[in-house]
Amino acid sequence: MPKKSALSELKRRLRGSVKTDADSLYWKSFDTLRLAFPIEAVIEPKNDKEIGIVLKLANEFKVPITTRGSGTSLTGSAAPVNGGWVLDLSGWNKIRIDRESAMAYVETGAILEKIKQKAEKVGLYYPPDPSSKKYCTIGGTIACNAGGLAGAKYGVTRDYVFGLEGFLPTGEPVRWAGDVRKYVSGYNMKDLWIGSEGTLGIITRAVIRLIPKPPCKWTLLTAYKNDSSALAAVKALMKARIVPSILEFLDAETVLCAERRRGKPIFPGVSESTVLLLELDGRKESLEEDRAFVLEWAKERALKYSETYDAEESEELWQVRRQSSPAMYELGNTKLNEDIVVPLRSQAALMRYLKKLKKDSGLAIPTFGHAADGNFHVNIMFNRGDKNQERAAKKAVNSLMKTVVELGGAITGEHGIGLAKSQFLSMQHNKAEIAAMKAIKQVLDPNNILNPGKIFEPYEVWNKEREKAVLPWDHK
Ligand SMILES: Cc1cc2nc3c(=O)[nH]c(=O)nc-3n(C[C@H](O)[C@H](O)[C@H](O)COP(=O)(O)OP(=O)(O)OC[C@H]3O[C@@H](n4cnc5c(N)ncnc54)[C@H](O)[C@@H]3O)c2cc1C
């Protein structure tokens, strides 16, 4: 009797849920890292039972499975590096808001922005705020423990997940905690899944925490003489126990990019400045008190500032931040956006190091980030195709990762390890730590079928051909 093939068995058991046409395979073969890998099938499961069948078959035939939301991962965590089948859960997108308990019951493929909008309609708020919110799914953000701009005040995705439902890699359905506010029964498996980049389980549904929507916002844009005076101002603000909802730092090189794109300086008469964009939110009365303090702080330390309560004017101020990222492509055709974190005490040392790195590498390295939580996006710009610049960029990333660890920080604060950072894992963790993580993976996924090749296996992303396709979130 001929041996059963995994794919034919999959198609037989999941009628109508398996795609194998070239177009479907192509679009699910890469994520935002743009490294593509050939796959055999895209599965759009109709129900839980089908997910269970997929996993049982994958274990029986040792087929790699990569779960996928929208594919906005910047590190290749959704790239099916070992081929196999892609489990596309983007169609699982129901959202139900429970006003009384201030919780949302969501399916994994629900788009983050839609959850936020539905919550806001009834006066509630879901704070995690990655810049990809219009496109990414809640499941993807849970799997990556995504952060965003408001992390210092509101925390990250992990702080908003009450319960998860889904499947173990071996195909058994599980539920970790639920729609209760307190839960300490057994090991905290929910938190083990959060941030595990789809390697320890498949999330199908989540119960997430909502908070009252802050009724009022105040925005302030300030310019400083240089990076170190801006960071000194940040330190002073933190010391005063002011907790802004947003505190974005744009270094002088980033500001220059934004100004070139605007065709005019941000503040007339001030050039080559470093910028802080700050937002306070809350009830008007309590906000007013903080605002008065912050204005004094700005008058004392900034060269210029501009403030507003008005939503439209605030958007004007925000343009500086929004323009800065796409504007960087004037400095090179390729950007390595490294989402590193350093302790607040090391922020100034990081900036000093980056100044030297720019000089040594000869590359432009505009940096911006969330100054209140030390999470900076260090953008190493180079021209792909220029061998000298490619070598310099590769060396610069290595040096950056090493330095960040020496400064007591983390090689990633929000994007995760995926493929792009797997080669640096051993800089961050010692052998015992890596062995402990691998042991967990081995127990939960004995056949290593769920998102294999990620986190632990160093992957060389350099000089690999990237997909040229334009993705919806490009240059946003
Ligand atoms: C323009 C842009 C801006 C960004 N800005 C930020 C930012 O400010 N902050 C930030 O933190 N991140 C940011 N990101 C990256 C961010 O990690 C992703 O946007 C998001 O978390 C992934 O969601 P996704 O639905 O696209 O997941 P995918 O990319 O499809 O998958 C990401 C990972 O999650 C796993 N996964 C997906 N769904 C499931 C599931 N149901 N069960 C188990 N595993 C699953 C995948 O296997 C993969 O490992 C940005 C990305 C882009 C492109």
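How many nonpolar, polar and charged residues does the shell around the ligand have?

Analyst: The model is predicted, and the account below should be read on that basis. By class, the shell around the ligand comprises 11 nonpolar, 21 polar and 5 charged residues. In total, 37 residues surround the ligand. The closest are Gly69, Gly139, Gly140, Gly198 and Glu414.

As to secondary structure, at least two residues of the shell are supplied by each of β3 (65-68), α5 (138-144) and β10 (202-209). Helix α5 provides the largest share, namely 5 residues. At the level of domains, the shell draws at least three residues from domain 1 (6-88) and at least three from domain 2 (95-212).

The axes of helix α8 (residues 227-239) and helix α12 (residues 347-361) come within 10 Å and cross at roughly 165°. Because angles over 145 degrees count as roughly antiparallel, α8 is roughly antiparallel to α12. Their crossing is right-handed. Helix α8 contributes Asp227, Ser228 and Leu231 to the contact, and α12 contributes Gln347, Ala348 and Met351. By class, this contact of α8 with α12 has 3 nonpolar, 2 polar and 1 charged residues.

How values were computed:
Residues numbered from 1 in each chain as written. Predicted model: local features only at pLDDT ≥ 70, side-chain atom pairs only at ≥ 80, totals over all residues. Axes fitted to C-alpha atoms, helices over the stretch in contact; angles between N-to-C directions. Helix = DSSP H or I, 4+ residues; strand = E, 2+ residues; numbered from the N terminus. Parallel < 35°, antiparallel > 145°, perpendicular 65-115°, else oblique. Left-handed = near helix turned anticlockwise from the far one by under 90°. Contact = placed C-beta atoms within 7 Å. Nonpolar A, V, L, I, M, F, W, Y, C, P; charged D, E, K, R; others polar. Near = placed C-beta within 6 Å. Domains from an automatic or database assignment.
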